[in-house]
Amino acid sequence: MAMAGLESTLIWAAAALAALAVVVPYALVFHRRLRRDAERKEEATQLGIDRPAAQYPYIDPAHCIGCGACARACPEGDVLGVVGGTAVVVNGLRCVGHARCEAACPVGAIEVGLGDLKSRRDVPLLDDNLETTLPGVFVAGELGGLALVRNALAQGRRAAEEAAARLAEDGGRRRGDRLDLVIVGAGPAGLSAALTAHVRGLAYRVLEREADLGGSLLHYPRRKMVLTQPVEIPPWGELKSEEYQKERLLEIFSGIVDQYRLGLSFGEGVETLQPLDGDGYRVTTGRGAWEARAVVLALGRRGSPRKLEVPGEELPKVMYKLLDAESYRGQKILIVGGGDSAAEAAIGLARQPGNEVTLSYRREKLVRIKAKNEAALEPMLASGRVRGLFSSSVTEIAPDRVRLEVEGAKPVELANDYVFVFAGGVPPFGLLQRAGVRFGGAAETAAAAA
């Protein structure tokens, strides 16, 4: 009997030790993760990167159970964390709207959206049908605040469907040569709107300021992978892959244009949008004017590249996009910027033989790049393969060198062959504001200034 009791005790002791061997390491990892998330949240708040730039995950703390499923599901890797037993947004600038966190939450406590647009100075006020404060003028794609090709395709279709429904309610009446619909921009949103207009039998035209279709995709580096996620493009079919190489995606779009003979006009940058007497709008470009009963604005947020406004910026060695890093070898290169475009340019150029790459950014660290870019760039910065000049700004660009101010240090002068500026773009808010489109907050003032 005593032997049996001893055996039972030993079994229980072994089971307890086995449980401790599993539970204790898990508890240590769990608490380390909680501490790390709290530190990340505090740092993000100090840097001002915890608030949204566009789309944003909204968390209901009353329902959140703090399981961390949302943080693990996010492909960007650093948007969400768990602090004090509740999921929180750590780096809001990195959210690009995948919404996988929303799908992963087991209790439905998270939703990805734009929130109350009445307080957003950088987003036009839109109703549930994507219509602006101008009747018959709709917005689709990044201009409305949502990123991702998937969202742009869906919104382009939705805006064109709503325009078609409005025109049908009006009896389909047209005046003279006036079109049913003008679509501004031939990126994914504009292409989707055009395809919908074609299917609905509308008289339409797509106006694109570039020499080819693709919108912001045209400015991506060669062979860049573009996240699309599976999405339907009626009636053409479905983009079935999670990602497509830039060139392949543009090839698909070109095939759609050819297959359905979509009406596109290239080299037509829109200059004004003016209401016509009665109804409709006059859209003026650098090459002429188009009149239509409705307008879909799918021109993105990039606008024209933001300049540094420093002496020498007009030199031919200063560029605002990098299409092919392999074309630059044995060069002394300065990259200005702190976003993904700057990071990807630094990574690509540093991999080419003989290049000396310096990255200048006005903040003390990079705070808004994708996790995969951060993982690739950090070892290059640590090894000196890319020289990081943080808290710095360019003051002058000369034919063979460039000068920078560095906070808390002496000015720096670098020998230089090329300067790539990735300081974002000046959004087309001025065009919209002058036409009468209202923005949230005090955006009218900001838009007029732009």
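Biologist: Is E162 buried or exposed?
Modeller: In this predicted model, E162 counts as buried, because its relative accessibility is 18% and the cut-off for buried is under 20%.

Biologist: Which side chain does E162 meet in a salt bridge?
Modeller: The side chain of E162 meets that of R166, with 3.0 Å from N to O, and both residues lie in helix 4, four residues apart, which is about one turn of the helix. R166 counts as partly exposed, at 29% relative accessibility.

Biologist: And what does E161 pair with?
Modeller: E161 forms a salt bridge with R200, and the closest N and O atoms of that pair are 2.4 Å apart. R200 sits in the loop between helix 5 and strand 7 while E161 is in helix 4, so this pair ties together parts that are 39 residues apart in sequence. E161 is partly exposed, with a relative accessible area of 32%, and R200 is also counted as partly exposed, at 39%.

Biologist: What about R178, which partner does it have?
Modeller: R178 forms a salt bridge with E291, where the closest N and O atoms are 3.8 Å apart. Since R178 lies in the loop between helix 4 and strand 6 and E291 in strand 15, the pair ties together parts 113 residues apart in sequence. R178 is buried, with a relative accessible area of 9%, whereas E291 counts as partly exposed at 29%.

Biologist: How many salt bridges are there by this rule?
Modeller: The count comes to 18 salt bridges.

Biologist: Changing topic, how do helix 4 and helix 5 cross?
Modeller: The axes of helix 4 (residues 149–169) and helix 5 (residues 188–199) come within 7 Å and cross at roughly 35 degrees, and the crossing is right-handed. The residues that meet include A152, G156 and A160 in helix 4 and A189, S192 and A193 in helix 5. By class, this contact has eight nonpolar, three polar and two charged residues.

Biologist: Which residues touch the most other members of the largest nonpolar core?
Modeller: Those are L181, I256 and L262, in a core of 43 residues. Several elements each supply at least two residues of this core, including strand 6, helix 5 and helix 6, but helix 4 gives the most, with eight residues.

Biologist: What is L262 in contact with?
Modeller: Leaving aside neighbours within four places in sequence, L262 is in contact with L191, A194, L195, H198, Y204, I256 and V257. There is also a second, separate core of 24 residues, which includes A325, I347, L359 and L377.

Key:
Residues numbered from 1 in each chain as written. Predicted model: local features only at pLDDT ≥ 70, side-chain atom pairs only at ≥ 80, totals over all residues. Heavy atoms only, no water. Axes fitted to C-alpha atoms, helices over the stretch in contact; angles between N-to-C directions. Left-handed = near helix turned anticlockwise from the far one by under 90°. Contact = heavy atoms within 4.5 Å. Nonpolar A, V, L, I, M, F, W, Y, C, P; charged D, E, K, R; others polar. Core = buried A, V, L, I, M, F, W, Y, C linked by side-chain atoms within 4.5 Å. Buried < 20%, exposed > 50% of the residue type's maximum accessible area, 1.4 Å probe, protein only. Salt bridge = Lys/Arg side-chain N within 4 Å of Asp/Glu carboxyl O.
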